[in-house]
Amino acid sequence: MDPRLLCPRLIGREAELERFDTLLEGLPLGAGATLLVSGEAGIGKTALLRELARHAAARGVPLLLGECTVIEARRAFGPFAEILDAAISRAVGGATVEWLERTLPDLARLRGDPRLSDGPVRQREEAERFRVHSGFARLFRTLVGRTPLVLVIDDLQWGDEATLELIPFLSAKLRETPLLIVAAHRPSDAADGGALAAAIAALERDRLSETMTIGPLARADVARVVESTVGLRGAAAGPLLDVLEACEGNPFFVEEVLVGLTASGDLVQRDGRWAIVGTLSGPTVPRSVRGAVQQRMRALGPQVRGVLAAAAVIGQRSDPDLLQRITGASEPELIAALRAAVAAELIVELADGPSATYAFRHALTREAVLADLLKPEQRRLHALIGEQLETADRAHPEDLAYHFDAAGDRERAMRYHEQAADAAMELVAVEAVRRHLDRCVALLPVDDPRRIDLLLRLSQAESDTNDRPAAVRSGEEAYRHAKVIDDRVRMARALLRLCGPRFQLGDTEVAQQ
């Protein structure tokens with residue numbers, strides 16, 4: 001029997017899989033659709049998506065996956081860049097790298113190809129945004145042709161604004177295309193009125209999507225999970241099910257508590273069979289996922305804990321080469337540490353392509369590891385990661401800005417935030433432009449003359465996002481700084497910058513002056 005305590009099959013989601021199969025059956029008829037999978041953290045959205053992939057493969061339907069991550073939330077079209085890479089490498093629908101680069105250079109640029117990154121900065125207008133979105137629509141229409149295709153985006157709550165704008169556009173433009181878009185998100189993150197809420201509202205308003213809400217498992221389903229995982233059923237499983245009531249049907253929490261019980265010696269494997277030792281009591285059960293993760297980490301050596309800490313600061317996924325450079329471990333030491341972390345069910349190996357990467361089994365696992373690190377430890381690791389990424393050929397400025405910002409390196413963080421703003425401007429991702437420029441301004445000392453030009457750029461970005469009061473505030477601040485140093489040219493630029501938003505706010509007299 002495999003000693004690992006991960007349920008080998010998906011349980012309690014039969015109705016959801018049946019609905020997905022129905023949508024797959026409609027694809028050859030040109031019945032494209034968008035399916036939003038909604039559920040709280042740990043409820044099993046990612047596990048359901050993996051099962052959807054198996055169902056699609058069984059029908060011979062290609063599936064492309066893009067994941068949103070906390071770091072990639074700063075990168076315009078982050079999951080679609082990942083999808084584009086997969087489409088090119090797999091040549092889905094007969095598409096080739098040459099065809100993509102010739103007809104859709106903006107999309108090819110997302111891959112970080114240095115030959116395509118030197119184009120002029122384009123006007124950030126609505127027509128330009130429509131052109132980029134239309135390019136994505138043409139790409140997927142070409143990839144699909146007459147063959148059905150499934151497009152999956154996980155963790156949409158961490159999606160960048162450009163991605164969240166694109167999904168309703170694709171849903172509307174490709175309704176008659178055999179394309180099924182599946183996007184998973186946490187409902188709690190859609191309740192704050194932000195970009196995710198706006199995207200969902202747009203889909204619902206135009207009836208472009210349906211929502212599949214993933215709820216907690218019933219006690220009977222938890223019993224099936226216990227039977228599939230540790231082989232206990234009936235009266236033998238009763239005490240375990242009573243303890244697992246505290247998990248409230250959350251599959252991830254159920255697995256974490258089972259692992260915690262083995263670590264405490266309350267659940268043991270003897271002669272190939274699992275058994276409960278003694279009487280299960282409340283204190284033996286981890287009070288939270290963080291407690292369960294920390295309990296397992298305490299049983300690991302310092303080198304394994306160091307590798308896990310570095311991996312958590314890098315992000316949800318880690319490249320072993322980067323991990324080795326940061327931790328200073330030898331290759332055998334790193335492999336041993338990764339093997340121990342996999343055995344402890346804290347990370348999983350993802351062999352997608354010629355080399356493997358390592359990912360935390362769940363975002364909550366990574367959060368628990370991060371929560372156990374002191375702030376100085378996190379800053380030190382962010383600095384090391386940023387310095388290593390600076391030497392990489394295709395490092396994204398968003399990643400560098402994120403790590404140097406978290407490391408407290410203001411100068412380098414500002415430099416890369418500005419580069420990230422330039423990259424987002426190329427893709428007409430105006431919200432990302434504004435976010436990066438806003439951070440640039442915050443990082444500069446108030447008396448730094450560079451603030452003037454950055455404030456003018458920020459004012460323009462705020463106008464592009466229709467936040468005219470903010471555009472006026474930034475423009476006026478730029479004017480005040482220019483006046484202090486008696487820079488007449490920049491004073492004039494600030495006044496010109498203020499005309500538009502002032503006029504649009506109805507201050508026509510001030511705008512004319």
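The structure, a predicted model, holds six aromatic pairs.

Q: What makes the aromatic pair of Phe252 and Phe253 tilted?
A: The ring centres of Phe252 and Phe253 lie 6.2 Å apart, with 55° between the planes.

Q: Why is Phe252 called buried?
A: Phe252 has a relative accessibility of 5%. Buried means under 20%, so Phe252 counts as buried.

Q: Why does Phe253 count as partly exposed?
A: The relative accessibility of Phe253 is 27%. Partly exposed is the range between under 20% (buried) and over 50% (exposed), so Phe253 counts as partly exposed.

Q: Why is the aromatic pair of Phe404 and Tyr416 called stacked?
A: The planes of Phe404 and Tyr416 are 15° apart, and the distance is 5.9 Å centre to centre. Planes under 30 degrees apart count as stacked, and the pair is therefore stacked. Phe404 belongs to helix H18 (residues 397–407) and Tyr416 to helix H19 (residues 410–426), 12 residues apart. Both Phe404 and Tyr416 are buried.

Q: Which residues form one aromatic cluster?
A: The cluster is formed by Phe77, Phe80, Phe136 and Phe140.

Q: Why are helices H7 and H8 called roughly parallel?
A: The axes of H7 (residues 161–173) and H8 (residues 195–205) cross at roughly 5° and come within 9 Å. Angles under 35 degrees count as roughly parallel, so H7 and H8 are given that description. Where they meet, H7 contributes Glu161, Leu164, Ile167, Pro168 and Ser171, while H8 contributes Ala195, Leu196, Ala199, Ala202 and Leu203.

Q: Why is helix H16 described as largely enclosed by the rest of the structure?
A: H16 (residues 363–371) has nine residues, and seven of them are buried, so the helix is largely enclosed. The buried residues are Ala363, Leu364, Thr365, Arg366, Ala368, Val369 and Leu370.

Q: What makes S8 and S9 the edges of their sheet?
A: The sheet is open and has three strands in the order S8-S10-S9, with antiparallel pairing. Strand S8 (317–318) and strand S9 (347–350) each have a single partner strand, so one side of each is left without a neighbour in the sheet.

Q: How do you know that S8 pairs with S10?
A: Two bridges join S8 to S10 (residues 357–360). Strands pair if there are at least two bridges between them, so S8 and S10 qualify, and they run antiparallel. Ser318 stands opposite Tyr358 in S10.

Q: Why is Leu505 called partly exposed?
A: Leu505 has a relative accessible area of 40%. Buried requires under 20% and exposed over 50%, so Leu505 is partly exposed. The residue lies in the loop between helix H23 (488–504) and helix H24 (508–512).

Q: Which residues does Leu505 touch, not counting residues up to four places away in sequence?
A: Leu505 touches Arg468, Pro469 and Val472. Val472 and Leu505 are 33 residues apart in sequence, with their C-alpha atoms 9.5 Å apart in space.

Q: How many helices and strands does the chain have?
A: The chain has 24 helices and 10 strands. Of its 513 residues, 52% are buried. Among contacts between residues at least 6 apart in sequence, 71% join residues at least 24 apart.

Methods. Residues are numbered from 1 along each chain as its sequence is written. This is a predicted model: local features need pLDDT of at least 70, side-chain atom pairs count only at pLDDT 80 or more; totals for chains, interfaces and linings use all residues. Side-chain values use heavy atoms; hydrogens and water are left out. Buried means under 20% relative accessible area, exposed over 50%, partly exposed in between (1.4 Å probe, protein chains only). Helices (H or I, at least four residues) and strands (E, at least two) are DSSP runs, numbered from the N terminus. Contact means heavy atoms within 4.5 Å. Rings of Phe, Tyr and Trp (its six-membered ring) pair if their centres lie within 6.5 Å; planes under 30 degrees apart count as stacked, over 60 as edge-to-face and the rest as tilted. Axes are lines fitted to C-alpha atoms, for helices over the stretch in contact, and angles run from 0 to 180 degrees between N-to-C directions. Angles under 35 degrees count as roughly parallel, over 145 as roughly antiparallel, 65 to 115 as roughly perpendicular and the rest as oblique.
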